[in-house]
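Here are my notes on this model, point by point. Please read them with the coordinates open.

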Amino acid sequence: MSDPEEFYKKLKVQLSDTALWPTAYLYKFIVPTDTSKIKQIEAIFDNLGAVISTKKSKNGKYTSVSINVRMKNPDEVILKYKEVALKVEGVISL
């Protein structure tokens with residue numbers, strides 16, 4: 001991803017056009033399998049009533065973290081993506 005800001009701008013437009021807010025939103029992240037990284041992501045969504053599930057890759061090197069959570073608006077969704085990218089090293093946002 002060459003320009004994160006461009007990605008976030010497009011995402012905001014898509015979110016604004018496709019959903020009535022507030023709505024449930026599904027985040028998906030891939031992280032190297034490391035309990036502390038998974039806990040960092042979980043902490044970012046703590047106290048939001050998020051449903052979080054994890055699944056290890058076939059070889060166990062990576063873990064997919066899915067988070068289903070009710071968000072107020074597209075800006076709130078994007079803020080969480082930015083927070084995860086900033087705080088969790090090696091994370092891939094899907």
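1. Ground rules. Helices (H or I, at least four residues) and strands (E, at least two) are DSSP runs, numbered from the N terminus. The model is predicted: local features need pLDDT of at least 70, side-chain atom pairs count only at pLDDT 80 or more, and totals for chains, interfaces and linings use all residues. Residues are numbered from 1 along each chain as its sequence is written, and side-chain values use heavy atoms, with hydrogens and water left out.

2. Helix 1, length. Helix 1 covers residues 4–18. The expected span of a helix is 1.5 Å times one less than its number of residues. For the 15 residues here that gives 21 Å, and the end C-alpha atoms are 21 Å apart, which agrees.

3. Buried means under 20% relative accessible area, exposed over 50%, and partly exposed in between (1.4 Å probe, protein chains only). Y8, L11 and L15 of helix 1 are buried. They cover an arc of only 60° around the axis, which puts them on the same side of helix 1. The arc is that of the directions from the helix axis to the C-beta atoms. An α-helix has 3.6 residues a turn, so residues three or four places apart point the same way. K9, K10, Q14 and D17 are exposed on the other side of helix 1. What covers the buried residues? The cover includes strand 1 (23–32) and helix 3 (74–87). Contact means heavy atoms within 4.5 Å.

4. The sheet. Two strands pair if DSSP finds at least two bridges between them. Four strands make an open sheet in the order 2-3-1-4, with antiparallel pairing. Strand 2 (51–56) and strand 4 (92–93) stand at the edges, each with a single partner strand, so one side of each is left without a neighbour in the sheet.

5. Pairing in detail. Strand 1 and strand 3 are antiparallel over 10 bridges. Y25 stands opposite V69 in strand 3, and V31 has T63 of strand 3 as its bridge partner. T63 also stands opposite K56. Strand 2 is joined to strand 3 (residues 62–71) by six bridges, again antiparallel. T54 stands opposite V65 there. Strand 1 and strand 4 pair in the antiparallel sense over two bridges, and F29 has S93 as its bridge partner in strand 4.

6. Faces of strand 1. Which residues point to the buried face of strand 1? T23, Y25, Y27, F29 and V31 do, and they are buried.

7. Aromatic residues. Rings of Phe, Tyr and Trp (its six-membered ring) pair if their centres lie within 6.5 Å; planes under 30 degrees apart count as stacked, over 60 as edge-to-face and the rest as tilted. The whole structure holds eight aromatic pairs. One of them, Y25 with Y81, is edge-to-face, at 6.2 Å centre to centre and 85° between the planes. Y25 is in strand 1 and Y81 in helix 3, 56 residues apart. Both are buried. The rings of F29 and Y81 have centres 5.8 Å apart and planes at 70°, so this pair is also edge-to-face. F29 lies in strand 1 and Y81 in helix 3, so the pair ties together parts that are 52 residues apart in sequence. Y25, Y27, F29, F45 and Y81 form one aromatic cluster.

8. K80. This lysine deserves a look. K80 is in helix 3. K80 is buried, with a relative accessible area of 15%. Leaving aside neighbours within four places in sequence, K80 contacts Y27, I44, F45, L48 and M71. K80 lies over the face of F45, at 5.7 Å from the ring centre. The criterion is NZ of Lys or CZ of Arg within 6 Å of the ring centre and within 35 degrees of the ring normal.

9. Backbone points to check. Most residues other than glycine have a negative phi, and most peptide bonds are trans. The peptide bond from W21 to P22 is cis, with omega near -5°. P22 is in the loop between helix 1 and strand 1. N47 is not a glycine, yet has a positive phi of about 65°. N47 sits in the loop between helix 2 (35–44) and strand 2, and is exposed, with a relative accessible area of 73%. Strand 2 and strand 3 form a hairpin with five residues between them, and G60 in the turn has a positive phi of about 80°.
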